[in-house]
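Hi,

Here is the structure I promised to pass on.

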Amino acid sequence: MNENILLLISHPDYPKSRINKALAQKAGLLPNVTVRHLDEVQKENHYSIEEEFALLRKASCVVWLFPVHWYNAPPSLRLWQDEVLSPILYGSENFLKGKKVLLACSAGAAEETFSPTGLNRFTAEEMLRPMQMTTNACSMEWQKPFVTFGAATLTDEQISSAAEEFVLLLQKL
Ligand SMILES: Cc1cc2nc3c(=O)[nH]c(=O)nc-3n(C[C@H](O)[C@H](O)[C@H](O)COP(=O)(O)O)c2cc1C
């Protein structure tokens, strides 16, 4: 519980979210977690670089929480990567170096579809490779992603136990 965690949630329709909302709400109860809604903090479709930098500098661990949309992160996280990560990486000081990064994402499809013989043909780990490469380029410390499958059919009980599991994971980072 020593990490100062910045949890960035990207969800274009947060009011209707079930799993990501449950994870964000539960995680937000931890004293060392700051939850930031990327779809809400933009002004005229852009981020304030000063604000994002200040929060990132304080954090020792960054969590990206999102529903998988077309095998990728939703637009607000992609924009955040373009607008916030790029100036750090190509700037004079990479202050992300050594910070932990954890992806927590939900997929509508069932777990068994993410395999060479399944409908999606590739594993979830393979799907997330571009994000792993992005964080690797930033010299961040990649953590094993927390992936929830079959998001559309999860029961309330499954959602609360996923949220419990997620919080335990954050406490162990
Ligand atoms: C535009 C769009 C694209 C989606 N693409 C995928 C996808 O590529 N793979 C997948 O498994 N689920 C996909 N889904 C399903 C979402 O991942 C699923 O609805 C979400 O994880 C549920 O999370 P929530 O309860 O927080 O809204 C997509 C949903 C939308 C709206």
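**What lines the ligand site**

The shell around the ligand is made up of 9 nonpolar, 6 polar and 2 charged residues. Keep in mind that this is a predicted model. Of the 17 residues around the ligand, the ones that come nearest are Ser17, Asn20, Pro67, Ala107 and Gly108. Helix H1 (residues 19-27) supplies the largest share of that shell, with 3 residues.

**The core**

The largest nonpolar core holds 39 residues, and Leu7, Leu8, Leu23, Val63, Trp64 and Leu65 have the most contacts inside it. Two or more residues each come from strand E1 (5-9), H1, strand E3 (61-67), helix H4 (75-89), strand E4 (100-106) and helix H7 (156-172). E3 gives the largest share, 6 residues.

**Helix H7**

H7 runs for 17 residues and reaches 25 Å from its first C-alpha to its last, close to the 24 Å expected at 1.5 Å a residue. So which residues of H7 are buried? Ala162, Phe166 and Leu170 are. They sit on the same side of H7 because they cover an arc of only 75° around the axis. The general rule behind this is that an α-helix has 3.6 residues a turn, so residues three or four places apart point the same way.

Glu157, Ser161, Glu164, Leu168 and Lys172, on the other side of H7, are exposed. The cover over the buried residues of H7 includes E1, H1, strand E2 (33-37), E4 and strand E6 (146-148).

Cheers

Terms used:
Residues are numbered from 1 along each chain as its sequence is written. This is a predicted model: local features need pLDDT of at least 70, side-chain atom pairs count only at pLDDT 80 or more; totals for chains, interfaces and linings use all residues. A residue is near a molecule or strand if its C-beta atom, placed from the backbone, lies within 6 Å of it. Helices (H or I, at least four residues) and strands (E, at least two) are DSSP runs, numbered from the N terminus. Ala, Val, Leu, Ile, Met, Phe, Trp, Tyr, Cys and Pro count as nonpolar, Asp, Glu, Lys and Arg as charged, and the others, Gly among them, as polar. A nonpolar core is a set of buried Ala, Val, Leu, Ile, Met, Phe, Trp, Tyr and Cys residues joined through C-beta atoms within 7 Å. A residue is buried if 20 or more other C-beta atoms lie within 10 Å of its own, exposed if 12 or fewer, and partly exposed in between; C-beta atoms are placed from the backbone. The expected span of a helix is 1.5 Å times one less than its number of residues. The arc is that of the directions from the helix axis to the C-beta atoms. Two residues are in contact if their C-beta atoms, placed from the backbone, lie within 7 Å.
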